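Biologist: I would like to learn how to read the strands and helices of a model such as this one. Could we go through it together, feature by feature?

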Amino acid sequence: MKHRILVSLLSLFISQAISDSIHGDFTRCMSTQFRDYTRSFEIIFTSDSPLYSSILQSTLQNMRWLNSSTSTPLLIITPFHESEIQAALVCSKKLGLQIRVRSGGHDYEGLSYSCKTPFIIIDLTNLRAIEINVEEETVWVQSGATLGELYYAIGKKSSIHAFPAGLCPTVGVGGHFSGGGLGNLMRKYGLAADNVLDAYLMDVNGRILDRKAMGENLFWAIRGGGGASFGIILSWKIRLVRVPQTVTAFTISKTIEQGATKLVHRWQYIADKLPEDLFIRVIIQDVQGSGHRNNKTIQASFNSLFLGEIDRLIPFMNESFPELGLLAEDCIQMSWVESTLYFAGFQQGQPLEVLLDKTQPYKSSFKAKSDFVREPIPEEGLEGIWKMFLAEEMVFMIMDPFGGKTNTIPVSSVPFPHRKENLYNIQYIVKWQVNDVKASHKHIHWIRMLYEYMSPYVSKGPRAAYLNYRDLDLGTNSQGSTSYAEASEWGKKYFKGNFKRLARVKSMTDPHNFFRNEQSIPPLPTPGKKKYK
């Protein structure tokens with residue numbers, strides 16, 4: 001016992017000494033890069049800094065990684081200026097450290113704040129400026145801003161503009177845009193990535209490139225291919241879209257005893273064919289039933305946004321989905337920016353300023369997976385899902401409909417390839433509160449069994465997945481060098497036929513694979529080509 005304590009103390013002493021040494025070397029390196037560099041005490045945090053833990057955990061969303069076996073960063077850098085990022089990049093390469101870039105901390109598998117080799121985090125939390133040009137209908141937004149901050153800024157400037165992106169306001173725009181960006185306006189305007197006009201990217205050599213300088217292939221790659229594979233994306237220029245001053249939302253929830261199975265089954269046949277102004281997603285979860293306290297049941301919530309007023313919505317619903325029985329009193333009219341609060345789960349009447357809060361109030365450990373569905377799942381298939389749900393504690397299945405604008409965009413327009421062949425996307429999530437190895441294994445095993453059960457009902461050849469619902473079960477890169485063939489195991493599930501083009505872009509922009517993680521795009525050698533634009 002004493003021997004183990006001594007070993008632990010020695011290991012802690014060595015680790016601290018290494019951290020102190022790297023901190024000194026890193027600070028000196030930063031100073032030599034920029035003579036006017038004076039902010040090291042404000043932006044460089046070591047593990048012995050009083051602020052280190054709070055900064056590390058400030059935007060961490062999946063508590064499963066809080067006490068995981070993966071190492072914590074030697075340093076956390078919180079830059080205020082792009083020159084500080086350039087210096088951090090140069091010094092990381094010089095000292096043999098990996099970089100993880102964190103925008104909002106929502107990477108499902110923790111890849112923006114964990115690594116198996118010595119690394120630093122560049123946290124973009126101080127880079128969150130938003131500049132809106134209503135006349136041109138464009139926005140420049142820095143990668144450290146959240147979706148909530150973006151929506152708030154748009155809502156303050158205009159009552160008839162919006163941006164098609166996700167529903168969680170604490171998600172960082174950097175990761176969200178670069179992974180595709182599903183949302184409740186996608187049937188009308190496509191994904192977030194479909195509405196990106198320009199970007200500033202810092203490449204592996206520290207050069208800051210806009211769309212013209214980086215070339216169309218690299219610009220293509222960062223809009224859905226995962227920006228972390230290609231460089232550090234500093235900011236994005238996006239296209240605003242038009243919305244009416246008044247939109248309508250509703251949520252109707254039904255249990256299986258109230259006919260949820262037949263309603264979900266019917267929804268599959270009509271959700272992608274509804275007018276593009278109408279988005280109806282389904283959220284499946286286990287809830288407490290009536291009667292005995294252990295009497296659980298399944299609830300399906302039909303959660304909808306309509307770009308128009310109630311008097312236009314009701315006729316659409318009566319014609320297309322009368323089985324749901326939507327009434328005018330089920331609906332709420334509001335502005336688009338108010339609808340972002342509604343879909344984020346805030347109570348009606350709360351101020352828009354809640355969109356600016358970057359803290360996640362209900363953090364938990366979780367594991368997620370995803371699928372795309374091309375043919376309606378039969379009722380008996382749905383009943384099998386319900387049965388599995390009732391065996392778990394806190395589970396969700398979110399079904400987002402496609403159709404509309406998403407059907408008209410070519411699969412190669414951006415790296416996100418999941419278009420008109422799909423009826424809807426599924427996100428599976430299991431959550432738990434006790435963060436220990438035994439609990440994690442139990443719940444992760446359950447969601448893997450659900451994923452296996454779903455295999456007959458979802459896309460095939462390959463079984464597709466969505467990058468922003470990252471899932472390391474699909475496959476990972478080896479810690480050393482990963483070949484294109486090995487990475488194709490997971491890469492083609494996210495990107496299908498676009499994966500090879502992504503690898504070719506990687507080989508031209510980061511041939512030595514400095515920007516890498518467990519699911520980063522590997523280089524694809526292209527002999528005879530010096531430049532890829």
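Biologist: How many bridges join strand β2 to strand β4, and do the two run parallel or antiparallel?

Modeller: Bearing in mind that this is a predicted model, three bridges join β2 (residues 75-77) to β4 (residues 119-123), and the two strands run parallel. One of the pairs to look for is L75, whose bridge partner in β4 is I120.

Biologist: What is the order of the strands in the sheet?

Modeller: The sheet is open and has four strands in the order β1-β2-β4-β3, with mixed pairing. Because β1 (44-46) and β3 (98-102) stand at the edges with a single partner strand each, one side of each has no neighbour in the sheet. Ignoring direction, neighbouring strands are turned by 25° against each other on average.

Biologist: Which strands does helix α4 touch?

Modeller: Helix α4 (residues 82-95) packs on the sheet and touches β3 and β4, and its direction makes about 170° with that of β4.

Biologist: How are two packed helices described?

Modeller: One gives the angle between their axes together with the distance between those axes. Here, the axes of α5 (residues 147-157) and α12 (residues 336-344) come within 9 Å and cross at roughly 155°, which means that α5 is roughly antiparallel to α12, since angles over 145 degrees are counted that way.

Biologist: Which residues make that contact?

Modeller: From α5 they are Y151, Y152, I154 and G155, while α12 contributes W336, V337 and T340. By class, the residues of this contact divide into five nonpolar and two polar, with no charged residue.

Methods
Residues are numbered from 1 along each chain as its sequence is written. This is a predicted model: local features need pLDDT of at least 70, side-chain atom pairs count only at pLDDT 80 or more; totals for chains, interfaces and linings use all residues. Side-chain values use heavy atoms; hydrogens and water are left out. Axes are lines fitted to C-alpha atoms, for helices over the stretch in contact, and angles run from 0 to 180 degrees between N-to-C directions. Angles under 35 degrees count as roughly parallel, over 145 as roughly antiparallel, 65 to 115 as roughly perpendicular and the rest as oblique. Contact means heavy atoms within 4.5 Å. Ala, Val, Leu, Ile, Met, Phe, Trp, Tyr, Cys and Pro count as nonpolar, Asp, Glu, Lys and Arg as charged, and the others, Gly among them, as polar. Two strands pair if DSSP finds at least two bridges between them.
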